[in-house]
Amino acid sequence: MKTNVFIICLGFLVFGLNSYSQEKIKFGEVSVKDLEMNSYTPEPDAPAVVLYESKVLSFEIIQDELKIITQYHVRIKILTNEGLGQANAAIVYHNGWSNIESDQLSVLSGFTYNLENGKVQKIKLAKEHIFNEKVNDHYTHTKFAFQSVKPGSIIEYKYQIRSSRFFDIGDHYFQRSIPVATPSILFLYLNISASARKQKVLNR
């Protein structure tokens, strides 16, 4: 009965969030117009600006076990030398304890985009620039650094985390020290699956 109530409540939440959703930007494709951008009009002195940011939360029921899957995607425009720090990023997730499994990080991918002689140059985030750091018994960081970043570049990355901590949807209020050009998006939905999916897990 408790599971049924949870699903019913979740259904109302899904409806409410999707009512305010907008079209999702395709990962791996940027426009020449965005690469030519050299300042952000509402905040001309901004060192960088978030062009797009989204977080998709889905709940899966697999063999009577409820899991939450977080899919995150962000695209950032670097405008000045002061904005180069945005090229260093970190993902925080939980280690397992008691009878709760560790979070599983997968599908981490990223690109640096530059405009060279009128053409888009796309540099993939290299595996050797991705590393794990155990913070303490409860948390691990996966840190990564983008290559060939300079004023005018666009950096973009996405990842997925699968967690048994279904009661923790994380902080969906995107707080940054740089402006956000478009409203951040949060999607939430329920997916019932009969069998577990195989994934390449980065933190194992």
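Where is phenylalanine 27 found? Phenylalanine 27 sits in the loop between α1 (2–18) and α2 (32–36), with helices (H or I, at least four residues) and strands (E, at least two) taken as DSSP runs numbered from the N terminus. This is a predicted model, in which local features need pLDDT of at least 70 and side-chain atom pairs count only at pLDDT 80 or more, while totals for chains, interfaces and linings use all residues. Residues are numbered from 1 along each chain as its sequence is written, and side-chain values use heavy atoms, leaving out hydrogens and water.

Phenylalanine 27 has a relative accessible area of 19%, so it is buried (under 20%; exposed is over 50%, partly exposed in between, with a 1.4 Å probe and protein chains only). Beyond its neighbours within four places in sequence, phenylalanine 27 has contacts that include Phe111 and Tyr157, where contact means heavy atoms within 4.5 Å.

Both of those partners lead us to aromatic pairs. The structure holds 7 of them: rings of Phe, Tyr and Trp (its six-membered ring) pair if their centres lie within 6.5 Å, with planes under 30 degrees apart counted as stacked, over 60 as edge-to-face and the rest as tilted. Tyrosine 72 and tyrosine 157 have ring centres 6.1 Å apart and planes at 50 degrees, so their pair is tilted. Tyrosine 72 belongs to strand β2 (residues 65–78) and tyrosine 157 to strand β8 (residues 154–163), 85 residues apart. Tyrosine 72 is buried at 9% relative accessibility, and tyrosine 157 is buried at 7%. Phenylalanine 111 forms a tilted pair with tyrosine 113, at 6.0 Å centre to centre and 40 degrees between the planes.
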